[in-house]
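Hello,

Here is the structure for your files. My notes on its aromatic rings and one of its helices follow below.

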Amino acid sequence: MGRSYFIHTFGCQMNESDSQRMGEELARAGWGRTESAERADLVLVNTCAIREKAEDKLYSALGRYRVLKAQKRLKIGVAGCVAQQEKEKLLQRAPYVDFVLGPDHLDKVSELAERGGLETDFAETHEYLFPQADPETSRGNATAFVTAMKGCDNVCSFCVVPYTRGREVSRPYAEIVREVSSLCEVGVREVTLIGQNVNSYSGGCGFAQLISRVAAVPGLLRIRFTTSHPMDLSPELVRAFHDVPQLMPHFHLPVQHGADTVLQRMRRKYTIAEYERRIAGLPAGLALTSDIICGFPGETGDEHQQNLEFLERTPYDNLFSFIYSPRPHTGALLKLEEWGEVPREVAIKRLDEVQALQRARTLTRHRGKVGQILEVLVESPGFGRSRENWTVHYEGTARVGDLIEVQVATASLVALRGPQVRMIDPARAQPARERVRLAVVSQ
């Protein structure tokens, strides 16, 4: 029997994509995938370093896998952002780990699985090669992640990404279009273009142009992207939401806080007025989502009130909100004593207020959809997502990859439910796709 691997993934879409690429690399080296760590010969933990809790989860998981390693012959590897951040320290804290692998060296995972060791240096920007996806991995799936760029040059004071993912590198647009085309050939109908700061993309064209080129791929029904920076929300990208029918009306644009003084300490380089001007041109009905950090160092009661007032007047569809988490090497950590740490009980209270505000709005919006008919892309039997990225559970016979209409019968905070009304023929949108295709040719 051949050797088998199990990958435990923490974190964002970039980590999910990286896990898929590492699995493909291991498969090329003769490893087989298993869904259980107990049946694996290799356990690979792919990590996230955005928040402190993610690191706690890593070491908790490693403790469980250490017990498993004592019971059988098992190799343990750690990849991802914590691997890049901790480097040798991780091996010192968890000496039973066999190898540590940074995000720039996914192609070396099978080699390290054999010999062990440490690979965490950053590749030179001009030498970095993006891992090539194997479309067969996505056969049978309706959706897939496609990496457009990696890294971030903004160096926000709360964020560890520049220290774990490096400087921005954009993938050539022709390579992205080829990958999307290969995915559509195996049945994928929606792609999400991903990167730490994806709308700063510069791989031979601007990000809005990239979207138009991807939209011209035959068989592609939907395009999404994440994550974006407000400073890179260009007029061309705003127009793309109006003009490109495959670009879904859902936009995740992290604001991080509603007070200009906090944004200055965060090094966000925009004001709330500038943010509001940039989103004003987005289409009506677009589902706008965002990130909010509560309890950032030095946050006063007045700044928190400004945050609430901004959130009350900004029609977010959903929020991902967190208490500030100190991260190694970051400016906020270095300034923590000067700015002052917000007591945890105060930060928790402020987070509760932010989340209560958004929960009420999200629930009202969801309940307002009862009786309406939504277009849904089926991702698994009985489950799909609307154009706005709402979770929809349906009763019907549609299969993965089908585009259907669902009439909403009930709504909760997290999902909409209702019966399948009818199938949608994707060809009915063909004239709009042809307009996109002609626009790309003319560019």
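Nine aromatic pairs turn up in this predicted model. The rule: rings of Phe, Tyr and Trp (its six-membered ring) pair if their centres lie within 6.5 Å; planes under 30 degrees apart are stacked, over 60 edge-to-face, the rest tilted. Phe-296 and Tyr-324 are edge-to-face, because their centres are 5.3 Å apart and their planes stand at 80°. Phe-296 lies in the loop between strand S13 (287–294) and helix H12 (301–313), and Tyr-324 in the loop between strand S14 (318–323) and helix H13 (331–334), so the pair ties together parts 28 residues apart in sequence. Helices (H or I, at least four residues) and strands (E, at least two) are DSSP runs, numbered from the N terminus. Phe-296 is buried at 0% relative accessible area. Tyr-324 is buried too, at 11%. Buried means under 20% (1.4 Å probe, protein chains only).

Ring pairs also join Phe-207, Phe-225, Phe-241 and Phe-251 into a cluster.

Two arginines sit over rings. Arg-93 has its charged end over Tyr-59, 3.6 Å from the ring centre. For Arg-213 over Tyr-173 the distance is 4.4 Å. The test is CZ of Arg or NZ of Lys within 6 Å of the ring centre and within 35 degrees of the ring normal.

On numbering and cut-offs: residues count from 1 along each chain as its sequence is written. Local features need pLDDT of at least 70, side-chain atom pairs count only at pLDDT 80 or more, totals for chains, interfaces and linings use all residues, and side-chain values use heavy atoms, without hydrogens and water.

Helix H7 (residues 173–185) is followed by Gly-187, with a positive phi near 110°.

Regards

Conventions:
Buried means under 20% relative accessible area, exposed over 50%, partly exposed in between (1.4 Å probe, protein chains only).
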